[in-house]
There are 2 protein chains.
Amino acid sequence: MISVEEAQEAILSRIPTMGRERLHIGDALGRVLAEDVISLRPIPPWANSAMDGYAIRSRDIAHSSEESPCTLRIIDEAPAGFESAKTIGPGEAIRIMTGAPIPKGADAVVMVELTVRDNDDEVRVLKPVPEGEAVRRSGEDVGVGEKVFSLGNRLGSASIAMLAGVGRPYVYVVQGPRVAILSTGDELVELGEEPGVGQIFNSNSYALAAQVREAGGDPLLLGIARDNTEDLESLLKDGLVADMVLTSGGVSVGDFDLLKSTLGDLGNEMHFWKVRMKPGKPMAFGTLQGCPVFGLPGNPVSTMVSFELFVRPALMKMQGVAGLYRPQIAARLLHPLHKSPERRHYVRAVASFKDGEWTVNAVESQGSNIIHSMVRANSLIVFPEFKTDLEAESQVQVLILEGESALGAQPLPGEGPGSLVA
Amino acid sequence: MISVEEAQEAILSRIPTMGRERLHIGDALGRVLAEDVISLRPIPPWANSAMDGYAIRSRDIAHSSEESPCTLRIIDEAPAGFESAKTIGPGEAIRIMTGAPIPKGADAVVMVELTVRDNDDEVRVLKPVPEGEAVRRSGEDVGVGEKVFSLGNRLGSASIAMLAGVGRPYVYVVQGPRVAILSTGDELVELGEEPGVGQIFNSNSYALAAQVREAGGDPLLLGIARDNTEDLESLLKDGLVADMVLTSGGVSVGDFDLLKSTLGDLGNEMHFWKVRMKPGKPMAFGTLQGCPVFGLPGNPVSTMVSFELFVRPALMKMQGVAGLYRPQIAARLLHPLHKSPERRHYVRAVASFKDGEWTVNAVESQGSNIIHSMVRANSLIVFPEFKTDLEAESQVQVLILEGESALGAQPLPGEGPGSLVA
């Protein structure tokens, strides 16, 4: 049996990053750039006003004050979107709106709040302003030829704003992977059917589809393969249109485990089929006609934990994401834990951050069939293979499964009315 | 001018939670339940085997050992999905697969690794097991009539697994809000057009659409309204099909700011139009024919920060999410900050967690037109209205804008091969 790290390495070394596709920026949120983005224009494109006010020559108003304001002649108006054709001379001003280009001759803008307008033609300025006041220089945000993003950057909402700002409607991003999902087992019935004695609902397909979506992939649900070669072969073939195939169930030592032989008959090269961990020891990874195939265990918790440790990093790599793994933190364990040696355990747990410290405690039932344990957990305690005891109050390593819930974050005190929270 | 908290309260008190819609669980990831979910079935539905092995009577093998194994007669096979019709008597066993119902008469399962099978009819057991060994009790995960989720719970991937497990293909969730977005200004051109002198690309519509999507809403882009009553009125009317309308630009003191009057002509009740903060002082909120309307400022940074503070919490409330606000943490400021009094500043910043401590420093350019400042920031330092100085090394309050990047999380040391990261 290989270790978790050996398994991850065996997987990632065989997972290529996907090719690129051209997307409108309105559809590119969360995607990874497959090109460097060079701005062909400066932002702002021309010097413009940061305020509503009057474009002036700063030296003209150097001695103005509330007691003895300086009076300037208004020669034009510059609304946003229009450049005045006139040039400001001594004693002259142009009414200007936020964002409008600075007129020729002006070197500053005095905000409207510091002025008094007596009539259409004249404005009194109550205070001097330095040269450059309220002037946004051309290119102060982005210069011409500046590389604003690099290949591999992930596009958040501010990045989308930037792409729009530099006038890029389309960008090349890494393609999103399509992931075929099939559940195996004679004991499974689909949602909406009535299970007979010995039968249970197919929950793994939906759990995996949700995990695939969360990881940025596009799930393709193939349904249930019964425990016979024909069924398995037929559904596996259906799945080969995808960029990855996930199966759940059918990888333990039982007599009815046909998955490996069926995969082999189709030409699968199996890279490993057992990992030194719990839950999820039986966990196969192969390459079938160039397509990565994960044979995940059938117990719901084992399926989801195996996805987290092995499939999610692979999906991240396919999408060109730099950080393949979930964040890992050190936390103080609130109670002792015991296990047998040999396998590493991933213990479903609740981690929380308070007063500058992470603490963690395991959720109650750790059976690999107990879906509640995954619902309640926000993290996994990493219980090393060679250890049998983790003492209370000791520091342990914890994988954080959810960003926000486990983040060192209190609800905001006094920041908005808590009583209105639904 | 009102404070940020007064503005948030004024908004949230006028934002109702949306109605409910019925979704297939395959489409419900991330949504908020609009019903309690009671399980009508137990999970597991019947006592079943946790292992591949042999269902036995534990007292029959109480004295078995490797030296003197106990031999049992195999009377049937119980593959997953099928219940054996036979009852186990003294000295008998039934071959059983993981997940198969425990046959009548058996009280434990001995795993296949602890047995030797000599022929079709007999198995030798090498070790005793206690009563209940490898037996999953009916209902040990979920009991009949148990409330597995409550109204208001958000559905993660483990929740989807649970809903499938209890056989629920459909659930009621809170409807997703549709958010109309319009940009205002004569200076704007759409992406793909060629800006003339004085013109810039409409970036706010795309920034807001991305923020709406991140917050779980469905953006409806109305395009650009020019600075005239007819255009504004026409687009605002287009937006009233949505559950919320966002405008950007046209809310400052300038002569060309028609938004307020146009909204008023359409029957808008304006609740406030200025907030004591920077960036984003001009920020209007009204109710137009029952629809909440946010008049956001036009500078890209002001638009995005105002969305974060006011629109995002409103969208969370509409969707029934319990935590309306971004997480807030205390961090050590790495350099001094200065400002004028009166307005609260939200300073774009990079927060990081290392060695058990949060630190934060402001990004370089804080102009409200500098999109780069939002791209670089992962957080906002809250610089209180009454203060003018924040000293280096002092503790400051910080709003975390992104879950993962700012989380107290190092890349996993030795957890997977870093060199393979694309």
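Visitor: How many residues does the largest nonpolar core have, and which of them have the most contacts inside it?

Guide: A caution comes before the answer: this is a predicted model. The largest nonpolar core has 208 residues. Four of them have the most contacts inside it: A:I160, A:V398, B:I160 and B:V398.

Take B:V398. Set aside its neighbours within four places in sequence. B:V398 is then in contact with B:Q328, B:I329, B:A331, B:A349 and B:A351, among others. The list of contacts of B:V398 also includes B:V360, B:S379, B:L380, B:I381 and B:V382.

Now to the strands of chain B. Six of them form an open sheet, with mixed pairing. The order is β7-β4-β6-β5-β9-β8. The edges are β7 (108-111) and β8 (115-117) of chain B, and each pairs on one side only. From one strand to the next, the twist averages 40 degrees. Inside this sheet, strand β4 (residues 53-56) of chain B runs antiparallel to strand β6 (residues 92-96) of chain B. Three bridges join the two. B:Y54 stands opposite B:R95 in β6(B).

Next, the contact between the chains. In chain A, 102 residues are in contact with 102 residues of chain B. Several elements of chain A give two or more residues to the side that touches chain B. Among the helices are α1 (4-12), α2 (157-165), α3 (204-214) and α6 (300-318) of chain A, and α7 (371-376) and α8 (403-406) are listed too. The strands are β15 (200-201) and β22 (328-333) of chain A. The largest share, eight residues, comes from α2(A). By class, this side of chain A has 54 nonpolar, 34 polar and 14 charged residues.

Finally, some backbone details in the loops. Two peptide bonds are worth a check. The bond from A:I43 to A:P44 is cis, with omega near -10 degrees. A:P44 is found in the loop between β2 (37-38) and β3 (48-49) of chain A. In chain B, the bond from B:K278 to B:P279 is cis, with omega near 0 degrees. B:P279 has its place in the loop between β19 (277-278) and β20 (282-288) of chain B.

Then there is positive phi. A:A134 is not a glycine, yet its phi is positive, about 60 degrees. This residue is found in the loop between β9 (122-125) and β10 (135-136) of chain A. A:A134 counts as buried because 20 other C-beta atoms lie within 10 Å, and the cut-off for buried is 20 or more. B:E342 also has a positive phi, near 85 degrees, in a residue other than glycine. The loop that holds B:E342 runs between β23 (337-338) and β24 (344-354) of chain B. B:E342 has 11 other C-beta atoms within 10 Å, so it counts as exposed; the cut-off there is 12 or fewer.

Definitions and conventions:
Residues are numbered from 1 along each chain as its sequence is written. Chains are lettered from A and ligands numbered from 1 in the order in which they are written. This is a predicted model: local features need pLDDT of at least 70, side-chain atom pairs count only at pLDDT 80 or more; totals for chains, interfaces and linings use all residues. Two strands pair if DSSP finds at least two bridges between them. Helices (H or I, at least four residues) and strands (E, at least two) are DSSP runs, numbered from the N terminus. Axes are lines fitted to C-alpha atoms, for helices over the stretch in contact, and angles run from 0 to 180 degrees between N-to-C directions. Two residues are in contact if their C-beta atoms, placed from the backbone, lie within 7 Å. Ala, Val, Leu, Ile, Met, Phe, Trp, Tyr, Cys and Pro count as nonpolar, Asp, Glu, Lys and Arg as charged, and the others, Gly among them, as polar. A nonpolar core is a set of buried Ala, Val, Leu, Ile, Met, Phe, Trp, Tyr and Cys residues joined through C-beta atoms within 7 Å.
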